[in-house]
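Subject: Structure handover

Hello,

Here is the structure to be passed on to you. My notes on it follow below.

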Amino acid sequence: MVEVFMLLANISVAEHIVGEFPECALLRRHPAPPPSNYDILVKAAKSKNIEIQVDSAKALAESLDRAAVPGAPPYLNTLLRILATRCMMQAIYFCSGMEPDTHHYGLAIAIYTHFTSPIRRYSDVIVHRLLAVCVGADPTYPRSPTSRSSSSSATTSTTATRWRSTPNARL
């Protein structure tokens, strides 16, 4: 359940920072692998009379969920999932204004960023700083009369106000 909330937080923050910074929000995308990347997975599954569909991330996930052979070792499905992971492309960070395709294939979602682990990843720190500007919690960010932040700064939430006044809350 925690993982679901973390994913939802990352998605929600991605949507929010892109709304505020459409040209420079830090996002993470995961390109779909070319079909030939799945050849070894499909061949391994076929050797056990299992059909793996690779038309989409959803089809792949459903195929892996059904991948079971009566009497086969219980770890067969785990091995197929490991093979599927090895077929994937590397996920990459990018600025929203540089790449129109924001889709994250591995998670099957339209937009994603890393926000929930600022202790482990510097990218999360950057996203935290972008979000702080979005919610009016970073008074050091220069605002212009035409920026999207200037209209929302007057309606800064109570949480953002508290965050600004708490000395140890800033990154």
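Is D124 buried or exposed? With a relative accessible area of 0%, D124 is buried. Please keep in mind that this is a predicted model. D124 also forms a salt bridge with R121, and the closest N and O atoms of that pair are 2.8 Å apart.

Overall layout

The protein has seven helices and two strands. Starting at the N terminus, the order of elements is α-β-α-α-α-β-α-α-α. Of the 171 residues, 33% are buried. The accessible surface is about 10700 Å², and carbon and sulfur atoms account for 60% of it. Among contacts with a separation of 6 or more, 65% are between residues 24 or more positions apart.

Salt bridges

Four salt bridges were found in the whole structure. One of them joins the side chains of D101 and R29, at 3.1 Å from N to O. This pair connects distant parts of the chain, with D101 in the loop between β2 and α5 and R29 in strand β1 (residues 26-29), 72 residues apart. R29 is buried, at 11% relative accessible area, whereas D101 is partly exposed, at 33%.

Another salt bridge is between the side chains of E62 and K58, at 4.0 Å from N to O. Both residues belong to helix α3 (residues 57-66) and sit four residues apart, about one turn of the helix. An α-helix has 3.6 residues a turn, so residues three or four places apart point the same way. K58 is exposed, with a relative accessible area of 58%, and E62 is partly exposed, with 37%.

The β2-α5 loop and helix α5

H104 lies in the loop between β2 (92-95) and α5 (122-134). Its relative accessible area is 8%, so H104 counts as buried. Leaving aside residues up to four places away in sequence, H104 touches R28, R29, H30, A91, I109 and Y112.

Helix α5 has 13 residues, which at 1.5 Å a residue should span 18 Å; the end C-alpha atoms are 19 Å apart, in agreement with that. The buried residues of α5 include V125, V127, L130 and L131. Just after α5, G136 has a positive phi of about 75 degrees.

Cysteines

How many disulfides are there? The count is zero. For C95, the closest cysteine sulfur is that of C24, and the distance of 6.6 Å is too far for a bond. C134 is in no disulfide either, since the nearest cysteine sulfur, also in C24, is 9.3 Å away. C134 is buried, at 5% relative accessible area, while C95 is partly exposed, at 27%.

L83 is located in helix α4 (residues 76-87) and is partly exposed, at 23% relative accessibility. L83 and V42 are 41 residues apart in sequence, and their C-alpha atoms are 9.5 Å apart in space. Beyond four places in sequence, L83 touches I40, L41 and A44.

On the surface, M1, V4, F5 and L8 make up a nonpolar patch with about 460 Å² of accessible area together. L8 is part of helix α1 (residues 2-20) and is partly exposed, with a relative accessible area of 47%.

Regards

Technical notes: Residues numbered from 1 in each chain as written. Predicted model: local features only at pLDDT ≥ 70, side-chain atom pairs only at ≥ 80, totals over all residues. Heavy atoms only, no water. Patch = residues over 30% accessible without salt bridge, like charges linked within 9 Å, V, L, I, M, F, W, Y side chains within 5 Å. Areas by Shrake-Rupley, 256 points an atom, 1.4 Å probe, with all protein chains shown as cover. Buried < 20%, exposed > 50% of the residue type's maximum accessible area, 1.4 Å probe, protein only. Contact = heavy atoms within 4.5 Å. Expected span 1.5 Å × (residues − 1). Disulfide = S-S within 2.5 Å.
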